[in-house]
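Keep the structure in view as you read.

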Amino acid sequence: MPDYTLADLEDWGKRILDKALELGLDPYPQEFEICDHNDMLGYMAYAGMPSHYPHWSYGKGFEKLKTLYDHGVSGLPYEMVINSSPALAYLMRDNTLCLQILTIAHVYGHNDFFKNNFNFKTTRAESTIATFKAHAQRVRSYVEDPSIGAERVEFVLDAAHALSMQMRRNRALRHLSDADERQRLWAEAQPRPDPFHKIHRSPDFSPPDLQRVPASPEEDLLIFVRDHNPYLAEWERDVLTIVHEEACYFLPQIETKIMNEGWASYWHREILNSLELPPELHLEFLVRHNQVVRPHPGGLNPYHIGLRLFDEIQRRHDDPTPEEREAGIPFPSAASGREAIFAVREVDRDVSFLRRFLTEPIMRELDLFEYEKKEEELVVSKVSSREQWREVKETLLRVVGMGGTPIIRITDADFGGRRTLYLVHEHDGRDLQLEYAERTLSHLHRLWGREVLLESLLGGKKQLMVFGENGFSTRPA
Amino acid sequence: MSTGAIFRPFRHSEAERSDRSAGDRLRHRQKIRESIRDNIADIIAEESIIGKRGDRVVKVPIRGVREYRFIYGQNAPGVAQGDGNVQEGQVVGQGSQQQKGAGDQAGDQPGQDVYETDVTLEELVEIMFEDLELPDLERRALKQIPAERASKRRGYRPVGIRVRLDKRRTARERLRRKFATRGHTAAIEAPAEGEEDRYPFHPDDLTYRHVVTDFKNESNAVVICIMDTSGSMDTMKKYLARSYFFLLYQFIATKYRSVELVFIAHHTDAREVTEEEFFHKAESGGTFISSGYQKALEIIDERYHPSLWNVYAFHCSDGDNFDSDNPAALRTAKQLADVANLFGYGEIKPLGSRYYESSMLNLFRRLDAENFQTVVIEKKEDIWPAFRAFLAKDRAGVATAERPAEA
């Protein structure tokens, strides 16, 4: 039985919120739900959403989580919080009072981050729950529609899931309409005004290809297919939209994992330290806190790295070494270290956060290293030494957040005049996994209905992967 | 200062908490099943499965339920934290593990989705045969014997034992009687003062379910495994043969209530042996295939008379027979084909040995019986296709309907 009552939690919840507001956090209204491990597994499988459309992949996720949990391989998180207004968080019933207090404080950290970090501005938190519910209802209505049915819906969902992460990464940038984009290309192609045009030879003017679709390479694959394949049914377009919108919703969380966890860990520590906990609770808190933010050798613990960096930013501001003072403190305009980290939580994402604040001493302290796969073994290739730390850092910046997803753009929707879809992989040294590329292209081929081509580098050579009516093949491009 | 958060208590009632993932889990299970079926030829060729008991749980590697996306393969280094003392060149893990980079999405690394699932052998056999689209094996009309006794309902009766009382019908009878006597009862037996207006059951109301014992004619089957155990049958050949017999037995067992197994080992002469001896005891010497068939015929004659048993005989050999025995082999094979429902000959020719070793296939080509089939097994991947081909013969036999008169 739990060692607390609901009244205890409400009481602590109120104290924590007061403290959080006093310390300057600015969260959405918060709701907590007490649940057991089964509910938690269910919520985890569906990304925390109270309502979500059905798809077998969530059943698979559930089975996997449950197997890992039942065999004691991995425990369950103490909490789960979703980005919505009011923010919804789930607390595990079997946790001790101390853990619940820690968790509630941690949740407010996430909540504040959701509300204030710029990446989340596009997620429309106030309608999250309703949106997901509407998505679920629409997908279910297609499943139940006798002229559509579960099988065809699953077919489209499978394909859409395969492509959902191929999207523009910075949703805050406005996506120009086709007409505006052509206008921009035209304007860009114009010769620069030259005050000395009388003595300069006039530059060659080559007009941009304004007939090409898309006007500029396009990263939102699902949306492009939705808008440019005239043979899709209305419900199919809607399913693509739904999957795309969900991906957009989760994108900021993928892009800010380290910051988000670091920020929440920072605040649960600050809040609990200022709450004057009874000694036995405080002792348990210290133990739990250290479990959460300890380094994971062989992995990257976002709680640990994020918290360490926020602490470091604050220290460099409040108590810089002479050399650091020389080099300049992170936010000169901020009045205090605290104010500086508030600014950081608003304007950064993991990539920029690490790029700006992960310094050589910290890298060495965290003992970050780069590894490569060599004949079924992962071998350390570079360590954070004086010579190599920059390269290790560059690698880290490439794999963090959406860095694990290749950038692939549609450059031509009518390649060769045959409505063939031409895609280009922006190669950054990492090759595509060929089997996965083949299967994913087959999904794209289904949605597009015509041949699809993907240009990439494989083993240093330019290759064209083709998926058409005769299946998959590769040829040198 | 603030309005506190809302805390929603734990809902103890199961009814309030739905098992929301049930439908998606079911669909996932179905996909796993499909995946198993697609890879059945690989799976049953695994050594670990052959020869296990039906309720044994086997591990089956699952493919095909991966969620594909564009991901990185080669030249994709990752970054991780060390324990404070990591050196260049140190091995930090196995490549098959999921990449431990900061990419935190689920299911986006190859290898992560290849997992094993537990399936009982019975389930596996069921999956194996469910898409074979085989009709029930033909059973000989005269060979059916009463095998199953089941109870079957046969209407209702006014008499019977208490447990078979049909309460619903009894109550209905009472009501019917009550309505039928409306207006009369009051006159006949008006209830006494203070007494309830009762209308009790009458023995005539009681209705019992009538149950009869139903005899189902079921047939028994015997699988006769004949194997050449001469010196030329090495372990690999025996393993292939064993796999084949195993499948045959599993399949026959799904079609009949009781299946018996007979093992006959032969070199120049044949004897009935136990399963253990059959597969593991090495013998030496030459081969008279006819000896094995003769032994099978004897056993059928003694214990499994074709009027009572469905006989399935299968013979595995490497085709290395003494030439002088060939006429006898052909004659006995013909006799065996006459008494058996299905008789097969499998020539085990591990890869490469096919062309320079002698073969019985040419000889058996002359055997003209519709229920006789020869297959060639070169490697373990052949087992499943060969097995399908073998059973297809039975199907063809059913299609052409008429079979030669019983021996």
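About 7300 Å² of area is buried between chain B and chain A, and carbon and sulfur atoms give 56% of it. Buried area here is the accessible area (1.4 Å probe) that two parts lose on being put together, summed over both. Before going on, please note that this is a predicted model, in which local features need pLDDT of at least 70 and side-chain atom pairs count only at pLDDT 80 or more, while totals for chains, interfaces and linings use all residues. Residues are numbered from 1 along each chain as its sequence is written, chains are lettered from A and ligands numbered from 1 in the order in which they are written, and side-chain values use heavy atoms, with hydrogens and water left out.

Who takes part in this meeting? Chain A brings 102 residues to the contact and chain B brings 65, where contact means heavy atoms within 4.5 Å. There are 6 salt bridges between chain B and chain A, each being a side-chain nitrogen of Lys or Arg within 4 Å of a carboxyl oxygen of Asp or Glu. One that you can look up joins A:E33 to B:R8, with the closest N and O atoms 3.4 Å apart. On the side of chain B that touches chain A, the elements giving two or more residues are β1 (6–8), α1 (22–38), β3 (78–81) and β4 (91–94) of chain B. The largest share, 6 residues, comes from α1(B). Helices (H or I, at least four residues) and strands (E, at least two) are DSSP runs, numbered from the N terminus.

The two chains also share strand pairing: strand β1 (residues 30–35) of chain A runs parallel to β1(B), joined by 3 bridges. Two strands pair if DSSP finds at least two bridges between them. Within this pairing, A:F32 has B:F7 as its bridge partner.

Now move into chain B. Here 6 strands make an open sheet in the order β10-β9-β8-β11-β12-β13, with mixed pairing. β10 (270–273) and β13 (372–377) of chain B are at the edges with a single partner strand each, so one side of each has no neighbour in the sheet. For β10(B), 4 bridges join it to strand β9 (residues 259–266) of chain B, and the two run antiparallel. The bridge partner of B:F263 in β10(B) is B:V273.
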